[in-house]
Amino acid sequence: MSVLADGSLVGVELGAGQITCYSISPATAVATLLDTFSITGGWSDRMFAVDESSDVFYIATTAPNLYTLDLSTSALQSTQAITGTSQIDAMSVLAAGSLIGVDLGTGQITSYSIKPATGVATLLDTSCLSSG
């Protein structure tokens with residue numbers, strides 16, 4: 001759920017193969033269906049990020065694809081193939097509106113900067129984890 005700049009609430013449900021958007025009344029907690037979109041690939045609860053300054057919701061899937069949803073209109077803005085990595089396990093919005101994505105590989109964590117408009121992931125750093 002996200003609070004938009006005008007104080008209204010939007011909920012996003014990530015289901016098997018789809019994204020469903022709801023407006024939610026702050027006074028009654030009644031959810032009203034806004035729209036449903038199909039997605040390709042699986043996801044987890046760490047594979048999304050909200051840019052509250054611009055009311056944008058990002059979802060990364062295991063395909064790997066990046067879906068950009070405008071929360072103020074509930075419109076799917078874009079679907080981009082993520083290139084430069086085969087996997088994003090978690091992501092967050094940075095101050096400049098860009099995304100940081102993390103691949104939690106076996107024995108290492110690899111971080112990427114992701115351009116939302118293109119889906120291009122650029123390697124930032126890789127950290128090795130000790131087994132001890």
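User: Before we start, what makes a run of residues a strand here?
Analyst: Strands are DSSP runs of E with at least two residues, numbered from the N terminus. Ile-109 sits in strand 11, residues 108-114. This is a predicted model, where local features need pLDDT of at least 70, side-chain atom pairs count only at pLDDT 80 or more, and totals for chains, interfaces and linings use all residues. Residues are numbered from 1 along each chain as its sequence is written, and side-chain values use heavy atoms, leaving out hydrogens and water.

User: Why is Ile-109 called partly exposed?
Analyst: Buried means under 20% relative accessible area and exposed over 50%, with partly exposed in between (1.4 Å probe, protein chains only). Ile-109 has 31% relative accessibility, so it counts as partly exposed.

User: And why is Thr-85 called buried?
Analyst: Its relative accessible area is 13%, so Thr-85 is buried. Thr-85 lies in the loop between strand 8 (75-81) and strand 9 (90-93).

User: What makes the link between Thr-85 and Tyr-112 a polar contact?
Analyst: A polar contact is a pair of N or O atoms within 3.5 Å; within protein, one must be able to donate a hydrogen and the other to accept it, and residues adjacent in sequence count only if both atoms are side-chain atoms. The side chains of Thr-85 and Tyr-112 are joined at 3.4 Å, so the pair meets the 3.5 Å limit. A polar side-chain atom of Thr-85 also lies 3.2 Å from the backbone oxygen of Gln-87.

User: How do you know which residues Thr-85 is in contact with beyond its neighbours within four places in sequence?
Analyst: Contact means heavy atoms within 4.5 Å. With those neighbours left aside, Thr-85 is in contact with Pro-64, Asp-103, Tyr-112 and Ala-121.

Methods:
Helices (H or I, at least four residues) and strands (E, at least two) are DSSP runs, numbered from the N terminus.
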